[in-house]
Structure formats: structure tokens, C-alpha cells
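Dear colleague,

Please find the structure below, followed by an account of what was found in it.

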Amino acid sequence: MGNLDIALKNAMSIDGAIGVALVDYTSGMTLGVAGGNGEVDLTVAAAGNTDVVRAKLRTIEMLNLNDEIEDILITLGSQYHLIRPLSNRTGKGLFLYLMVSKSRANLAMARHQLRAIEESLEL
Amino acid sequence: MSRVDDLPRRTPAQAGALPPPRALPPSLAGNPTLPYPAIGQELAALRLQIPGVHGCVLGGVDGLLVTHNLQNGVDPHDLAALAATMFGLGRQVGYRLDQGDFQQSTVRNANGYLSVYAISPQALLAVVGTDSINVARLHLHAPTTAARLADLLDGVTPTGS
């Protein structure tokens, strides 16, 4: 799992990163977490955001769009939350969940870096 | 001398040499003093909170049903017995590996889940769910439900036998 640890560490080196998790959306369980602070429990965030991903996947299916999620951006008052499902074969059913501080992060850069991390992540 | 003579002989046990029979607490099942409406509310809340939960069973560690809110035709008595079986295995693992008391056990099959949570040394909570259930959320919510159920069962006066 060295690859996973490196990926999580790289995600935490994104400017303004608060926490990151690799989550299995078939169960809502985390495969790995990094960062986070006393106030946010990343396993709770993972379980909750699993429902977000599932709802969107179901919607896409119901609309017969025949497409997939590249990423989901959730904007809070003080944070951005980025959800990026893994696109390679080994990462099927998984997504990366990144929390960044709105004031310290560059959203475009964070999104770009998260994509690079996701593409290089082989499990 | 035959080999049979080398074997240790079984001798009848001396009176008083046997350990005293284990004193088991009275079963929770069939106890009319349990706060059934409050328990039912907790079980219903858990089912509402997590989509995909078919129902919950509150059973004793003796395998007897206390109450349930299953609606899909599964026999709750069977599930209470299965939950106690899973508890028994978990408890034995806990003993052998010195890992302490049983907390939780989950079985995942092709089309669903059965999770069993310890409520108290006497009671178990079994939850049946579909395959698509968010197990992580179940594992987050069920222990708090179990803790509240433990409080509800705490003040109950045990009935005889």
C-alpha cells in the first residue's frame, strides 16, 4: 500500500489541504485517510459523501446519460470539498475525497493536482 | 502389557471436585417489564436513518428473541438465534486472542448483510440490510443505537427463571 500512502501524502501537500481520504463507495469505508483535525472525522465524511456519489451515479443512470463522474465540487463557506472517483480499472468503486481551505487553496490548482494524483494511483 | 493399560484411566469425579454450574442471568426474552415502545422507536429510527436496512432484531445472547421490526418475511426468531451464534464465535475469538469483549460482527453475502452489535453482556442488536447499504454509516450509527438500547435495558428488573 506504499502507493496509497504516497498518494495521500501528495494530496496533503496540495496548498490548503485539510484532509484527504480514499473511500470505497460500495461500502462507505475508507481505505486510507490523511490529515483531518479534531473537528472533522474523515471516516464520517467518507460515509456521508458515499451517499453523495451514489445519488449522482443513480441520477446519471436515470437520465440515461451513459457517462461517468469526473469530479464533484462542493463549496462550503470556508472550504472546498473535491470528490474524484478513480477512473482506472484497479480503482473501480473508489473515490478520492479532498477537503481544502477556501482561503488558502487555489481551486484550479488543487483540482489539477488531485487529477494527477488520481491518475498515478495504482492499487 | 497391552498399550491399553498405559492409557490413563477415567475415574469417577469426586463429589465437590466439579466446578459449580455456571449461574446464567435470567433471559431478557419475554420479560414484560422491558420498555418495548422506546426500544421499538430506537429500532425504527435506525432503519429510517440508513437506507437499505430491512429491519433490526433485538435478541439475547441466549439466542432468544426480545423484539424486532423486520418486515420482509424473515423469521425474527431465526435471526435472534443466528445473532447469538455470531456472538458466540466472536466471543471465542476474543478469548483466544485476548482481544476483550465482543463488539461487532458482519456477514456479507451476495445479496445483503447481517451485522450483529453487542448491546450489553446480555443483549445483541442484529441488523439486516441490502447489498447496496452504506455499511460504514451503519457502523457509525448502530453502536450509538446499541448504547441507547443498553440504557433502556439497564433499569429493567429481571424476571425469574
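**An exposed loop residue**

N111(B) is exposed, because its relative accessibility is 71% (exposed means over 50% relative accessible area, buried under 20% and partly exposed in between, with a 1.4 Å probe and protein chains only). Please note that this is a predicted model, in which local features need pLDDT of at least 70 and side-chain atom pairs count only at pLDDT 80 or more, while totals for chains, interfaces and linings use all residues. Residues are numbered from 1 along each chain as its sequence is written, chains are lettered from A and ligands numbered from 1 in the order in which they are written, and side-chain values use heavy atoms, with hydrogens and water left out.

N111(B) lies in the loop between strand 3 (104-109) and strand 4 (112-118) of chain B; strands (E, at least two residues) and helices (H or I, at least four) are DSSP runs numbered from the N terminus. Leaving aside residues up to four places away in sequence, N111(B) touches T130(B) and D131(B), where contact means heavy atoms within 4.5 Å.

**Where the chains meet**

In the interface, 10 residues of chain A are in contact with 9 residues of chain B. The rule finds 1 salt bridge across it (a side-chain nitrogen of Lys or Arg within 4 Å of a carboxyl oxygen of Asp or Glu). R137(B) forms a salt bridge with D51(A), and their closest N and O atoms are 2.1 Å apart. Helix 2 (residues 42-62) of chain A contributes the most to the side of chain A that touches chain B, with 6 residues.

Yours sincerely
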